[in-house]
Amino acid sequence: MPILLAASRISTLQATTRCEMAFYCNADEVRARAIRDCFSRELPDLRFVAAGEPFEPEEVQYILTWKVIPELRERYRKLEVVFSLGAGVDQLRFEELPQQAKLVRLIEPGIIALMQEYVVMATLALHRDLPIYLGQRAEAEWIKHPIRPAFGVRVGVMGLGQLGQAVLRALAPFGFELAGWSRTPRAMEGVSSFAGDKELAPFLARTDILICLLPLTNATHGILSRTLLAQLPMGAGLVHVGRGQHLDQDALLEALGSGQLRGAVLDVTDPEPLPKGHAIWNHPRILLTPHIASTAQTDTAALAIVENIRRHSRGEDMIGEVKRDRGY
Ligand code: NDP
Ligand code: OXD
């Protein structure tokens, strides 16, 4: 029986439904506390269990987690929904989730705003040659390079979902020529749309700064390959904020060495953390950050999950439901 009931029915049925089923919040202590506060206001009749507290897996109807939880298939028999604590879901390893459970990625304003900030910063850093100037500073070299206005520079975003579209909106005021590539065509004002395998080559050929915001799926694993990088114009830039496994890191190093790429900003690597001594750490043309481009903001994320639980309890589709067969 769903734990959420229409308000008028709660009082009569509370005694039988309360404590029967639970929301298991597998987040760190600080986040769990904030989410619990929100749930006690918004969903007071849903039992809330945080990591470390005793509970019966049999009683769990909803889980919020970043990574897969042991024995999900075997022990969480009444699980209805797994909420990812992030926008990506690849880390949840679909084969370990119970068949009956729906999987929902996180769509909330906080994660979107942070990704906009990061990608604008990274795109401008490549556009204004920041990796080169940081290298020159290390050598005390005062050398000026030609400056191009953003108006002539073509930016292309791979992945036109919630984040890809949001970063295009954030980049628009600078005047870059914008394009996006997705699986199915997506119309966006001021953005040239390319879709599917057939339109990948023309998209790459017109892209001076490539931004990867794809989900990691069977179809996108290794997509930032030697062949793909070779299709960009000579001297292009790469901003990679998807997943480490999208990128052939050896191919990236070669492309930077040959000048095919002029610079790269990487927020994700394979593996993470990047091992000490890896060539990427000290590469003069790479700006590297440790997977911090964006992260869920607890208050807005909690409200987004509450809204989805309400939708689920009314039998409606949730926002961000993942289609397991396509992987995102
Ligand atoms: P969405 O699911 O909203 O969007 C995915 C987009 O990718 C869609 O436009 C989709 O096409 C497109 N796509 C998927 N598969 C293919 C394919 N085979 N060929 C072409 N296009 C494809 O995802 P989000 O925008 O929410 O997130 C994107 C990714 O960003 C996450 O999965 C995660 O990996 C990464 N991320 C990284 C963070 C960081 O801190 N570095 C933080 C948050 C997310 P279509 O529109 O046709 O469906
Ligand atoms: C996410 C991430 O997918 O932080 O949300 O990478």
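## Ground rules

In this predicted model, local features need pLDDT of at least 70 and side-chain atom pairs count only at pLDDT 80 or more, while totals for chains, interfaces and linings use all residues. Residues are numbered from 1 along each chain as its sequence is written, chains are lettered from A and ligands numbered from 1 in the order in which they are written, and side-chain values use heavy atoms, with hydrogens and water left out.

## Ligand 1

Ligand 1 is surrounded by 28 residues. The closest are L160, Q162, T184, R186 and Y328. A residue is near a molecule if one of its heavy atoms lies within 4 Å of it. By class, this shell has 13 nonpolar, 10 polar and five charged residues. Here Ala, Val, Leu, Ile, Met, Phe, Trp, Tyr, Cys and Pro count as nonpolar, Asp, Glu, Lys and Arg as charged, and the others, Gly among them, as polar.

Now the polar contacts (pairs of N or O atoms within 3.5 Å; within protein, one must be able to donate a hydrogen and the other to accept it, and residues adjacent in sequence count only if both atoms are side-chain atoms). A backbone N or O atom of L160 sits 2.8 Å from an oxygen atom of ligand 1. A polar backbone atom of R183 is 2.9 Å from a nitrogen atom of the ligand. D267 uses a polar side-chain atom, 2.9 Å from a nitrogen atom of ligand 1. On its own, ligand 1 has 940 Å² of accessible area, and the protein covers 95% of that. Accessible areas come from the Shrake-Rupley method with a 1.4 Å probe; for residues, only the protein chains shown count as cover. The elements giving two or more residues to this shell are α6 (162-171) and β7 (177-182). Helices (H or I, at least four residues) and strands (E, at least two) are DSSP runs, numbered from the N terminus.

## Ligand 2

Which residues are around ligand 2? They are W66, G86, A87, G88, I111, R243, H291 and S294. The shell divides into three nonpolar, four polar and one charged.

Oxygen atoms of ligand 2 take part in these contacts. A backbone N or O atom of A87 lies 2.7 Å from one. For the side chain of R243, an N or O atom is 2.8 Å from a ligand oxygen. For the side chain of H291, the distance is 2.6 Å.

## Helix pairs

Helix α4 (residues 109-127) packs with α6 at an angle of about 55°, their axes 9 Å apart. Axes are lines fitted to C-alpha atoms, for helices over the stretch in contact, and angles run from 0 to 180 degrees between N-to-C directions. So α4 is oblique to α6. Angles under 35 degrees count as roughly parallel, over 145 as roughly antiparallel, 65 to 115 as roughly perpendicular and the rest as oblique.

Helix α2 (residues 29-42) and helix α10 (residues 298-313) cross at roughly 45°, and their axes come within 9 Å. They are therefore oblique to each other.

Most residues other than glycine have a negative phi, and most peptide bonds are trans. D129 is not a glycine, yet has a positive phi of about 60°. D129 lies in the loop between α4 and α5 (130-138).

A cis peptide bond joins D270 and P271, with omega about 0°. The bond from E272 to P273 is also cis, with omega near -5°. P271 is in the loop between β11 (261-266) and β12 (286-288). P273 is found in the loop between β11 and β12.
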